[in-house]
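Dear colleague,

Please read them with the model open.

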Amino acid sequence: MAEIRIKGIRKTFGKVKAVWDVDLTVQDREFVVLLGPSGCGKTTLLRCIAGLEQVDGGRIFIGETDVTDLQVRRRRIAMVFQSYAVFPHMNVFDNIGFGLRMQHLPKPEIEERVQATAELLHIEELLERYPAQLSGGQRQRVAVARAIAVQAEVLLMDEPLSNLDALLRLEMRAELKHLLDELNTTVVYVTHDQVEALSMGDRIAVMKGGKFLQIDSPIKIYDHPTDRFIGSFIGNPPMNFLTARLMDKGAFVQVNETKLPIGPEVADRLRATGKDTIWMGIRSENIDPMDVHAEGTLPAHVLVVEPLGSHNLLTAKIGDAIIKVNDHPDSDIRPDQDIWLRLITEKIRWMDKDTGQAIN
Ligand code: ATP
C-alpha cells in the first residue's frame with residue numbers, strides 16, 4: 001500500500017510562502033499531476049514529499065508511515081528530475097543499476113532487473129554506452145529506467161519531459177503513460193504543461209500561489225473549472241469569458257445588446273449571488289458560428305481565421321471582448337465578416353465577477 005497523505009503542509013523560503021497549508025491524498029497506484037504556472041509551488045511540494053525539503057508545518061504519510069522526519073532514502077520513493085541527472089561517468093547499465101547497488105542486492109539480481117527495465121524502456125541495446133553518447137530522449141529513458149528499477153512504491157517526477165523537443169515529448173508522453181499504467185506505482189508528477197496534465201493524470205491538482213485551487217479528474221477540470229483562473233489556464237485555446245448582465249429577474253442574461261434566455265435553475269443560481277454582472281465562460285468548441293442571424297445568437301465580427309486541419313479557429317470580436325470559436329474546416333466564414341454565435345447553453349460556466357469562483 002503506497003497511499004500518500006499530505007496534511008497541512010507548509011514550506012516558506014524567507015517571506016515566500018512556497019506551499020501554504022495544503023492537504024492532498026494520493027490513492028495507492030493513482031497518478032496525480034501537480035499543475036500550475038511557474039512559481040506556484042509544485043516543485044517545492046514534490047521535494048517535500050521526497051524529503052529533499054524540510055517542511056515548516058504539517059505531516060506527510062506514505063502508507064501507514066509518518067515520513068515527515070525521515071531521510072530521503074528511508075521514504076521508499078524514486079524520483080525523476082527535469083535535468084535527467086544521469087551520472088555521466090557511468091554507462092547506461094551502471095546508471096540503471098545504481099539504486100540497486102545502493103540496496104546491496106546480489107549481482108545476478110541486479111543484472112536481471114537492469115536488463116528487464118532496459119527492455120521495458122527499449123534501451124537494451126544501449127547498456128554499454130555512456131550518457132554523452134545518447135540522444136536527449138535516450139538519456140531521459142535512462143533516468144526513468146533508473147527510477148523504475150528500484151521498484152519503489154512511490155514515483156515522483158518533476159517535469160521529466162520538458163527538456164525534450166516537441167515531437168519526442170509527444171511520443172514519450174504516450175510511452176510513459178503506458179509504462180506507468182503497467183507498473184501500478186503511485187505517481188506524483190509535476191508539470192506546467194496543461195496538455196501533459198490532461199492526457200496523463202488520473203487526477204490533476206491545480207496549484208496557484210502555494211495552494212490548491214481544484215483537485216479533480218482531467219475532464220472535470222477542463223469542463224467544470226471551479227475558478228476563472230483554471231478555465232483560462234487549461235485548454236488551448238483557453239475558455240472564453242464574456243461579461244453578462246442578469247436581466248428580468250434572472251430570466252435572461254444580456255451580453256452587449258443581446259438577450260440570451262437561461263433556464264430557471266441557472267437563473268435561481270445566478271440570482272442567489274445577488275450580483276448584476278457575471279462572468280460567462282464557454283469553450284471555443286461549444287460555440288456554433290453561423291453566417292446568418294438567428295434567434296438567440298450573439299452577433300460577432302471575425303478578425304482572424306486560422307485553418308488548423310481538423311477545424312478552423314476563429315478569432316472574433318463581440319463588443320470589446322475577443323472570443324475564440326471553432327468552425328468547420330470547410331466553412332465559408334472569412335475574416336472581416338459579420339457572424340452570429342449560438343452558445344451551447346448547458347456548456348456555459350458561470351463565475352463570480354469579483355472572486356472568479358464558479359457559481360454552483
Ligand atoms: P517552476 O514551474 O518554475 O519550477 P514551481 O511551481 O515548481 O515553478 P517552486 O519551484 O516550487 O515553483 O517555487 C515556489 C516559490 O518558492 C517561488 O516563488 C520560488 O521562487 C520560491 N523558491 C523555491 N525554492 C526556493 C529556494 N531554495 N530559496 C528561495 N526561494 C525558493
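The charged end of lysine 259 sits over the ring of phenylalanine 252, 5.1 Å from the ring centre; a charge counts as over a ring if NZ of Lys or CZ of Arg is within 6 Å of the ring centre and within 35 degrees of the ring normal. Lysine 17 likewise lies over the face of tryptophan 20, at 4.4 Å from the ring centre.

This is a predicted model, in which local features need pLDDT of at least 70 and side-chain atom pairs count only at pLDDT 80 or more, while totals for chains, interfaces and linings use all residues. Residues are numbered from 1 along each chain as its sequence is written, and side-chain values use heavy atoms, with hydrogens and water left out.

A search of the whole structure gives 4 aromatic pairs (rings of Phe, Tyr and Trp, the last by its six-membered ring, with centres within 6.5 Å; planes under 30 degrees apart count as stacked, over 60 as edge-to-face and the rest as tilted). Among them is the tilted pair of phenylalanine 31 and tyrosine 189, with 5.5 Å from centre to centre and 40° between the planes. This pair links distant parts of the chain, 158 residues apart, with phenylalanine 31 in strand S3 (residues 31-35) and tyrosine 189 in strand S8 (residues 186-191); strands are DSSP runs of E, at least two residues, numbered from the N terminus. Phenylalanine 31 counts as buried because its relative accessibility is 6%, and tyrosine 189 does so at 0% (buried means under 20% relative accessible area, with a 1.4 Å probe and protein chains only).

Best regards

Note on methods
Helix = DSSP H or I, 4+ residues; strand = E, 2+ residues; numbered from the N terminus. Buried < 20%, exposed > 50% of the residue type's maximum accessible area, 1.4 Å probe, protein only.
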